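Here is a short report to read alongside the sequence and the model.

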Amino acid sequence: MPFLLGALLALVALYLRRDMNESDVFEADQARRDEAVEGRPRTSRRQVTKAVLVMIAMTSGITAAHYVWTSYVSTYAITQQGMDPGTAYWMLVVAQVIALVSLPFWGLLSDRVGRRPMLLFFAVAMFALQYPLTQMITASGWTLLVATTLALLVVSAPASVLSAILSESFPTRVRTQSIGFAYSLSVAVFGGTAPYLNQLFIDIGVGWVFGGYIMLLCVLTGLSCLFIKETKGTELTES
């Protein structure tokens, strides 16, 4: 049912988007496409490739943690800790609502302190909390609620600025295709496989390895900040 509803909403989105105006930056770039812009060399393919790789690394920890704490954690609580399925479901719903409400506040903070601090906060906090929060979960519903709420509040910090960071990291002429490739690949490789890897490690008796895997991806997200320029307050580039 969710997929069918999503398909219908996709048609609605297509209808809404068909008459939308392009952004001023895109229109300006189109007007200059056949003109030489003095003093503004176009971004090279090598620079774009580097940006794509950095975005993949940056997104890896965020998307893996997101999938674990928005979907698989309830399965873990039910199958491994014996929690009542109905209780697990509602605890997860409440935690996700709290995280959803926090997004605009994280975004407001980002507009004041910058994008990179949000990424670094996530990398350090999730690295430190992944194991303790997982170990906290028992058959009692409140343990899932507290652990998942804390984890999703941490994930919400970079999630609130991810679209801005991705858009601000690529020039107009390759922005859509670069974001589409980098984000989709990272989500598929690191996010989509996370629940299955978690279950696999548990099945073979080394569930603790998955926590280390998430921590490693958080390190990768943190390291990517070394290659990301702070983009708060800057205009989107055209070249």
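## Helix 4

Please keep in mind that this is a predicted model. Helix 4 covers residues 85-113, 29 residues in total. From its first C-alpha to its last it reaches 40 Å, close to the 42 Å expected at 1.5 Å a residue. The helix does have a kink of about 35°, found at Leu103, shortly before the proline Pro104.

Both ends are worth a look. At the start of helix 4, Asp84 brings a side-chain oxygen to within 3.1 Å of the backbone nitrogen of Gly86. At the other end, the helix is followed by Gly114, which has a positive phi near 115°.

## The nonpolar core

The largest nonpolar core holds 55 residues. Within this core, the residues with the most contacts are Met55, Met58, Trp69, Phe122, Met126, Ile137 and Leu144. Helices 3, 4, 5 and 6 are among the elements that give two or more residues to the core, and so are helix 7 (162-168), helix 8 (175-191), helix 9 (194-203) and helix 10 (208-224). Helix 3 gives the most, with 16 residues.

Leaving aside residues up to four places away in sequence, Phe122 touches Gly61, Ile62, Ala65, Phe127, Val154, Val155, Pro158, Cys218 and Thr221.

## Ala65 in helix 3

Ala65 is one of the residues of helix 3, and it counts as buried because its relative accessibility is 0%. Not counting residues up to four places away in sequence, its contacts are Phe122, Met126, Val155 and Ile214.

## The cysteines

How many disulfides does the structure hold? The count is zero. For Cys218, the closest cysteine sulfur is that of Cys225, and at 11 Å this is too far for a bond, since a disulfide needs the two sulfurs within 2.5 Å. Cys225 is likewise in no disulfide, with the sulfur of Cys218 as its nearest at 11 Å.

Are these cysteines buried or exposed? Cys218 counts as buried because its relative accessibility is 1%, and Cys225 counts as buried at 1% as well.

Definitions and conventions: Residues numbered from 1 in each chain as written. Predicted model: local features only at pLDDT ≥ 70, side-chain atom pairs only at ≥ 80, totals over all residues. Heavy atoms only, no water. Buried < 20%, exposed > 50% of the residue type's maximum accessible area, 1.4 Å probe, protein only. Helix = DSSP H or I, 4+ residues; strand = E, 2+ residues; numbered from the N terminus. Expected span 1.5 Å × (residues − 1). Bend = angle between axes of the 7 residues up to and from the residue. Polar contact = N/O pair within 3.5 Å; in protein donor to acceptor, adjacent residues only side chain to side chain. Contact = heavy atoms within 4.5 Å. Core = buried A, V, L, I, M, F, W, Y, C linked by side-chain atoms within 4.5 Å.
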